[in-house]
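Open the structure in a viewer and keep the selection tool at hand. The stops below say what to select next and what is there.

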Amino acid sequence: MTRLVVVGGGIAGLAAAWFAAEAGLDVTVLEAAPRVGGKLRVEEVGGVPVDVGAEALLTARPEGLDLLAAAGLADERISPLTTSARVWAGGTTHPLPARTMMGIPGDVEALRESGALSDTALQTVAEEPSLPPLPPLRRDVPVGSLVRYRMGDEVADRLVEPLLGGVYAGSADVLSLRATMPTLADRLAQGGSLLEIARAVTGAGGTRAPGADPGRPVVPVFASLRGGLGRLPATLVATGRFAVRTGVTVRTINRSAAGFTLDCGAVPQAERIEADAVIVAVPAAKAARLLAGVAPAAGDELGAIESASMAIVSFALDGDADEAGIPAGSGLLIGAGERFATKAVTLTSRKWPVDADGRTVLRASVGRHGEPHALQLGDADLVEIVRRDLGVLLGDADTPRELRPVDAVVTRWGGGLPQYAVGHVERIARVRAAIAGVPGLAACGAAFDGVGVPACIASARSAVDLVAGSLSQARTMRP
Ligand SMILES: Cc1cc2nc3c(=O)[nH]c(=O)nc-3n(C[C@H](O)[C@H](O)[C@H](O)COP(=O)(O)OP(=O)(O)OC[C@H]3O[C@@H](n4cnc5c(N)ncnc54)[C@H](O)[C@@H]3O)c2cc1C
């Protein structure tokens, strides 16, 4: 059997291993950490197991749900109990307006009802379709500049930054339209109005606009797993379809007569592993170093992708959130320019059917690309700053709430999210072209087709297809 080594046991690497095993390859995953999963991880907070990394799968894409079902977890899939998130803007909270594309409004009435924008900003949005239409978009641009130019700063700061910036932990003024909002970029190839495009795209979406037919079932936008999405990696491994070695750091990859050699571990215990094929499924900066010996052009391109560091601070509070009168639905996003270290809050025990034993479990995210200050604090200081933020964010406007957590867990994700800057799609095309020149080699993960879990799984499928294709071509060419 062909020996495939997958470097990295995050969701991309494990999905690649799963698909490759299905294709009949003999697969070993090498994972540097003591456990698999990467950014999918469950920790106990106040005795309640909760996700401290990725927590939700987008249901609009099939890849995450399919893998969950393939791992035998379909019956343990859960849907959010509420998705009525709010946004903090202008010193108070507002419901997130219905019918937006990552914060770009598609319905002026829904925007007015939310109260998130000033009257002047609302008028700017309402009048956007009467501006001369945007010319056909021929090159990539930052999402933020486009939104500011057409709809004004409030839409960018209060809606697009928290929603889009929240997914990437980056700034909408830097993130690429083509890479982060491809549907909008495609539609803008014909030019037009942002409001009209957002109206057309969100009109038939899964979220129900106020006033929509209440009899029509609404498909939840997100799904998760009972006990935490972070259970998925270990469940995939437990099927025994592929081998996994944890605590093995791959240092270099080189070509050999038979395929590839991987040098692993530190000098006294260094180990050389041979493989016919390799899939690199580690974050961009690490992939850059690993690919330097086999596909240096791909390594250089990946090395140029920046990443954002962040932390998740999870709390358990005594008492139920509803009984304590905590507002904010399933969670709260914080608009740009507001003076909090906290960028978003998820009320985990209200959002998901978690057995929290009467407690409130919530998580706050801290840190964005280019904003490392709060992350430089020690854990105790970070917990205290977030606790104070939450007192204001979850209190009412004049009286901060005195939160007394019974437990707090800090999870740091250094370089956790790659930044899809302008030109990212073209950069990834160059990476793929360079890798395709090396038969038996492929790469996948959050830097490729999207940072979300389903997109990482999709990139794993493409990586396996590439490797399987080049191996079968090599076999037919052999006499
Ligand atoms: C806090 C947070 C919340 C998120 N929330 C969501 C969400 O709700 N929904 C969603 O869809 N997405 C979410 N994401 C994004 C998503 O979780 C990630 O993009 C995705 O999990 C990345 O998977 P990956 O396999 O590409 O990389 P990783 O998860 O980073 O896995 C890479 C693995 O490679 C290992 N490794 C690195 N170097 C080496 C080496 N030299 N040798 C061997 N192993 C190595 C690492 O230890 C790691 O386990 C979130 C991300 C973060 C940080």
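Begin with helices α11 and α12, whose crossing is left-handed; a crossing has that name if the near helix is turned anticlockwise from the far one by less than a right angle, and is right-handed if clockwise. The model is a predicted one, in which local features need pLDDT of at least 70, side-chain atom pairs count only at pLDDT 80 or more, and totals for chains, interfaces and linings use all residues. Residues are numbered from 1 along each chain as its sequence is written, and side-chain values use heavy atoms, with hydrogens and water left out.

**Stop 1: α11 and α12**

Select residues 284-291 for α11 and 296-303 for α12; their axes come within 8 Å and cross at roughly 160 degrees. That makes α11 roughly antiparallel to α12. Axes are lines fitted to C-alpha atoms, for helices over the stretch in contact, and angles run from 0 to 180 degrees between N-to-C directions. Angles under 35 degrees count as roughly parallel, over 145 as roughly antiparallel, 65 to 115 as roughly perpendicular and the rest as oblique. Helices (H or I, at least four residues) and strands (E, at least two) are DSSP runs, numbered from the N terminus.

Now show the side chains. From α11, Ala284, Ala287, Ala288 and Leu291 meet Pro296, Ala298, Gly299, Leu302 and Gly303 of α12, where contact means heavy atoms within 4.5 Å. This contact holds seven nonpolar, two polar and no charged residues. Ala, Val, Leu, Ile, Met, Phe, Trp, Tyr, Cys and Pro count as nonpolar, Asp, Glu, Lys and Arg as charged, and the others, Gly among them, as polar.

**Stop 2: α12 and α15**

Ala297, Ala298, Glu301 and Leu302 in α12 meet Arg427, Ile428, Arg430, Val431, Ala434 and Ile435 in α15. By class, there are seven nonpolar, no polar and three charged residues in the contact.

**Stop 3: the aromatic pairs**

How many aromatic pairs does a search of the whole structure find? The search gives two. Rings of Phe, Tyr and Trp (its six-membered ring) pair if their centres lie within 6.5 Å; planes under 30 degrees apart count as stacked, over 60 as edge-to-face and the rest as tilted.

Select Trp88 and Phe340: the ring centres are 5.4 Å apart and the planes stand at 85 degrees, so the pair is edge-to-face. Trp88 is in strand β7 and Phe340 in the loop between β18 and β19, so the pair ties together parts 252 residues apart in sequence. Trp88 counts as buried at 7% relative accessibility (buried means under 20% relative accessible area, exposed over 50%, partly exposed in between, with a 1.4 Å probe and protein chains only). Phe340 is buried as well, at 15%.

Next select Tyr168 and Tyr420, a tilted pair with 5.5 Å centre to centre and 50 degrees between the planes. Tyr168 lies in helix α6, and Tyr420 in the loop between β21 and α15. Tyr168 is buried at 6% and Tyr420 at 1%.

**Stop 4: Gly450**

From Tyr420, move to Gly450, which touches Tyr420, Gly445, Ala455 and Cys456, not counting residues up to four places away in sequence. Gly450 sits in the loop between β22 and α16 and is buried, at 9% relative accessibility. Ala179 is 271 residues from Gly450 in sequence but 7.7 Å away in space, C-alpha to C-alpha.
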